[in-house]
Amino acid sequence: MSESVSELNRLSERSRAILRQIVESYLETGEPVGSRNLSRVLPMTLSPASIRNVMSDLEQLGLIVAPHTSAGRLPTQLGLRMFVDALLEVGDLTSKERRQIETQIAGKPTTGIDDVLRQVGEMISGLSHCAGVVLADKQVTRLKHLEFVMLEPGKALVVLVGEDQTVENRIINLPQGLPPSALIEASNYLNAHIRGLTIGEARTHIEQQLQSARAELDELTKRVIQAGLAEWSGALDDRKSLIVRGQANLLKDVNAQEDLERIRLLFDDLERQRDLVQLLGLSESADGVRIFIGSENKLFSLSGSSLVVAPFHDEHRKVVGVLGVIGPTRINYARIIPMVDYTAKLVSRLLT
């Protein structure tokens, strides 16, 4: 049982109803709600005085807060977390929304899965009216050809071509004293061994081959091969492709100065892509949708934003990426959670 559910079980029925109504009102309007308005919409008959007593108890528990001198209350981050974990009634997508998502990612294009993921980011941003994010292992599908091109002493360009005609380039540092013939030898050797393999498979295969290739290749050539493969399969962050779409959606319905400041801070957060990659990486170990609210993660501690993400899998049920949305803490969780979940499942189906 989650901590939020455990805490909720300690609340009375009227406390739960009032907390739910305060959060739902906040998600809809962004404004504090007072006892008089609550008394009109609660599913039970309570006087404004009784409601104020309950609100005082909820405030002492840290679930709601009175902004400035307002008589109304807003949910705190803790109150939002309790609502999302234990009170939220998650809706379902409309048939129109399902068709939109299915049409967008109906089949693999000839240009590769990366294009599909970019379209998914744009699509989920449009449907959610938030920023869409997709983090995935970089796709070069199966390798077709690799070539080293000398740029200047000590540097070379690695050109990698996939079977789907995608082309990517990287610059690597060369060992001292490397003759140009070693680049040709390294290219020839790799092209004889990597065709039809993924980058990961190619690296494993070549590392095994190099152990028995001492007589076939000189030491400098082997170092070029290892440098090229290391650059391509690199560190975790370098092997990830981060797509962020629809940041402009975050500027809609912004009128208060503090909202503008929050959005500015969020844009700053998104610029620090390494932190976002690390945060999304945490979601790869989860099964299903994960929700981060405000300062629950250091990336959004200042902007007070929410992140709703879900992992997607390949044909081996290995998690190969996550997708979701970033928005203010008052996003429509009931609608966005099933949207993210459904989209992730469709992408997984596409990859199998």
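1. Contacts across the chain. Of the contacts (heavy atoms within 4.5 Å) between residues at least 6 apart in sequence, 62% link residues at least 24 apart. The model is predicted: local features need pLDDT of at least 70, side-chain atom pairs count only at pLDDT 80 or more, and totals for chains, interfaces and linings use all residues. Residues are numbered from 1 along each chain as its sequence is written, and side-chain values use heavy atoms, with hydrogens and water left out.

2. Overall make-up. The protein chain holds 13 helices and 10 strands. These are DSSP runs numbered from the N terminus: helices are H or I with at least four residues, strands are E with at least two. The chain has 352 residues, and 47% of them are buried. Buried means under 20% relative accessible area, exposed over 50%, and partly exposed in between (1.4 Å probe, protein chains only).

3. Helix 7 against helix 13. Helix 7 spans residues 113-128 and helix 13 spans residues 333-350. Their axes come within 11 Å and cross at roughly 165°. That makes the two helices roughly antiparallel. Axes are lines fitted to C-alpha atoms, for helices over the stretch in contact, and angles run from 0 to 180 degrees between N-to-C directions. Angles over 145 degrees count as roughly antiparallel, under 35 as roughly parallel, 65 to 115 as roughly perpendicular, and the rest as oblique.

4. Helix 7 contributes Ile113, Val116, Leu117, Val120, Met123, Ile124, Leu127 and Ser128. Helix 13 answers with Arg335, Ile336, Met339, Val340, Thr343, Val347 and Leu350. By class, the contact of helix 7 with helix 13 has 12 nonpolar, 2 polar and 1 charged residues. Ala, Val, Leu, Ile, Met, Phe, Trp, Tyr, Cys and Pro count as nonpolar, Asp, Glu, Lys and Arg as charged, and the others, Gly among them, as polar.

5. Helix 6 against helix 13. Helix 6 covers residues 95-104 and packs on helix 13 at an angle of about 35°, with the axes 10 Å apart. This crossing is right-handed. Glu97, Arg98, Ile101 and Glu102 of helix 6 meet Arg335, Met339, Tyr342, Thr343 and Leu346 of helix 13. The class count for helix 6 with helix 13 is 4 nonpolar, 1 polar and 4 charged residues.

6. His313. This residue lies in strand 9 (residues 305-313). His313 has a relative accessible area of 10%, so it is buried. Beyond its neighbours within four places in sequence, His313 contacts Lys318, Val319, Val320, Ser348 and Leu351.

7. Gln119. Helix 7 also carries Gln119. Gln119 is partly exposed because its relative accessibility is 30%. Gln119 and Gln104 are 15 residues apart in sequence, with 7.1 Å between their C-alpha atoms.

8. Asp57 sits in helix 4 (residues 48-60) and is partly exposed at 45% relative accessible area. Its C-alpha atom is 9.9 Å from that of Leu11, 46 residues away along the chain. Gln226 belongs to helix 10 (residues 219-233) and is partly exposed at 43%. Gln226 and Arg203 are 23 residues apart in sequence and 8.5 Å apart, C-alpha to C-alpha.

Conventions. A crossing is left-handed if the near helix is turned anticlockwise from the far one by less than a right angle, and right-handed if clockwise.
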